[in-house]
Amino acid sequence: MKKVAILLRLNRKEENAKETFWIKEDVINVFKNYDVNYFLIPMNTASNDDYDNIIEKIKMADGVIIPGGVRGGSKMELDIVKYLYDNDIPTIGVCFGHQSMGVVFGGKKENVEGHHKLGEKYVHYVNINKDSLLYKIIGKERLLVNSKHKKIVVGTSLDISAYNDENMPEAFEDKTKKCFIGVQWHPESIMDLDNKKIFDYFISKL
């Protein structure tokens with residue numbers, strides 16, 4: 001049976017509290033719908049000293065999910081993204097994971113207003129480029145998505161496969177890889193027929 005690794009980041013740390021790792025239940029629930037095994041890999045992004053151990057665990061997986069969350073974008077996380085790319089390991093980056101993918105390939109983060117809308121299933125449309133892999137996967141030029149971010153990434157050398165109506169990049173990809181796709185929204189929290197196709201494609205490339 002194929003194996004999917006889901007990376008875990010550290011949660012926000014309260015004063016005098018020990019570090020804890022965090023993952024949304026939605027991410028786990030996605031893979032209960034597929035005939036795969038999944039396992040979690042904690043990334044200690046505070047110390048950034050566990051790279052080799054994480055890579056050994058990644059080698060056990062057929063594909064990797066870099067989820068959203070907090071305290072992302074550390075040097076170790078970026079190094080892991082580069083490893084996944086260089087070794088053509090099927091990868092989906094969500095929200096912060098998507099941003100890390102963009103930054104690895106020259107992108108810069110910029111603050112945005114009005115896009116951090118927690119608890120809303122649908123917030124706005126994204127416009128998908130017809131020559132993109134994402135369009136091939138979903139088969140639509142317009143996709144209704146949620147929005148839970150405070151930053152975007154601009155200037156990446158990855159192909160931008162979707163923009164929102166404000167012309168901000170919403171998805172990255174590299175068509176030369178089996179599956180190297182980042183999306184700024186959270187498809188795992190929607191899982192309608194269109195957003196599920198992103199995970200269907202990922203699973204097909206394991």
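Student: Is D200 buried, exposed or partly exposed in this model?
Tutor: D200 is partly exposed, with a relative accessible area of 30%. Buried means under 20% relative accessible area, exposed over 50%, and partly exposed in between, with a 1.4 Å probe and protein chains only. This is a predicted model, where local features need pLDDT of at least 70, side-chain atom pairs count only at pLDDT 80 or more, and totals for chains, interfaces and linings use all residues. Residues are numbered from 1 along each chain as its sequence is written, and side-chain values use heavy atoms, with hydrogens and water left out.

Student: OK, which side chain does D200 meet in a salt bridge?
Tutor: That's K196, at 2.8 Å from N to O. A salt bridge here is a side-chain nitrogen of Lys or Arg within 4 Å of a carboxyl oxygen of Asp or Glu. In general, side chains of opposite charge can pair when their charged atoms come close.

Student: And how far apart are K196 and D200 in helix 6?
Tutor: They are four residues apart, so about one helical turn separates them. Helices (H or I, at least four residues) and strands (E, at least two) are DSSP runs, numbered from the N terminus.

Student: Which residues do salt bridges that share partners join into one network?
Tutor: K24, D26 and E188.

Student: How close do K24 and E188 get?
Tutor: Their closest N and O atoms are 3.5 Å apart. K24 is in the loop between strand 2 (21-22) and helix 1 (25-30), and E188 is in the loop between strand 12 (180-183) and helix 6 (193-204), so the pair ties together parts that are 164 residues apart in sequence. Both K24 and E188 are buried.

Student: How many salt bridges are there by this rule?
Tutor: The count comes to 12. Among them is R9 with E77, at 2.8 Å from N to O. That pair links distant parts of the chain, with R9 in strand 1 (residues 3-10) and E77 in helix 3 (residues 75-86), 68 residues apart. R9 and E77 are both buried.

Student: New topic: what's the volume of the largest pocket?
Tutor: About 520 Å³. On a 1 Å grid over the protein atoms alone, a pocket is an open set of points where a 1.4 Å probe fits, with protein on both sides within 12 Å along at least five of seven lines; lining residues have an atom within 4 Å of a point. The volume is the space filled by probe spheres set on the points, which are joined across faces, edges and corners.

Student: How many residues line the largest pocket, and which lie nearest its centre?
Tutor: There are 19, with R12, G69, V70, H116 and K148 nearest the centre. By class, the lining has five nonpolar, eight polar and six charged residues. Ala, Val, Leu, Ile, Met, Phe, Trp, Tyr, Cys and Pro count as nonpolar, Asp, Glu, Lys and Arg as charged, and the others, Gly among them, as polar.

Student: What about N164, buried or exposed?
Tutor: N164 counts as buried, at 4% relative accessibility, and sits in strand 10 (residues 159-164).

Student: What does N164 touch?
Tutor: Not counting residues up to four places away in sequence, N164 touches H115, H124, Y125, V126, N127 and E170. Contact means heavy atoms within 4.5 Å.
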